[in-house]
Amino acid sequence: MAPNYQIISYKFDGSFYLKLTGDFDGRTAQDLINTLKKHDKASGNIFVDTNNLKAIRPFDRIVFQKNLNDIKKQLKRLIIIGVNKHQIAPVM
């Protein structure tokens with residue numbers, strides 16, 4: 001995992017937020033996938049905030065995107081927000 005990567009999670013107003021910081025590489029993509037898979041449809045809205053991502057490696061973005069459809073089926077509503085949202089999930 002990138003040494004400067006972190007997922008900061010918090011709940012607010014019935015929704016769950018994941019704030020991503022640092023570089024997005026293969027291990028961090030897998031970490032995000034695993035974190036999202038821990039939730040289910042009863043979790044409510046889940047927001048992934050990409051504003052604080054730095055470098056986003058293309059191959060690792062593809063790893064995340066390949067898992068995205070399965071994750072979206074499992075969750076009630078997954079919303080990717082922030083200035084880098086189209087870089088990690090352009091289809092959302």
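I took rings of Phe, Tyr and Trp (its six-membered ring) as a pair if their centres lie within 6.5 Å, with planes under 30 degrees apart counted as stacked, over 60 as edge-to-face and the rest as tilted. I am working on a predicted model, where local features need pLDDT of at least 70, side-chain atom pairs count only at pLDDT 80 or more, and totals for chains, interfaces and linings use all residues. Residues are numbered from 1 along each chain as its sequence is written, and side-chain values use heavy atoms, with hydrogens and water left out.

Entry: aromatic rings. I searched the whole structure and found 3 aromatic pairs. Tyr10 and Tyr17 are stacked, because their ring centres are 5.1 Å apart and their planes are at 5 degrees. Tyr17 is buried at 18% relative accessible area, whereas Tyr10, at 38%, is partly exposed (buried is under 20%, exposed over 50%, partly exposed in between; 1.4 Å probe, protein chains only). I noted one aromatic cluster formed by Tyr10, Tyr17 and Phe47.

Entry: a second pair. Phe24 and Phe64 are both buried. Their rings are edge-to-face, 6.1 Å centre to centre with 90 degrees between the planes. Phe24 lies in strand S2 and Phe64 in helix H2, 40 residues apart (helices, H or I of at least four residues, and strands, E of at least two, are DSSP runs numbered from the N terminus).

Entry: Ile88. I left aside neighbours within four places in sequence and listed its contacts (heavy atoms within 4.5 Å). Among them are Leu20, Phe24, Phe64 and Ile80.
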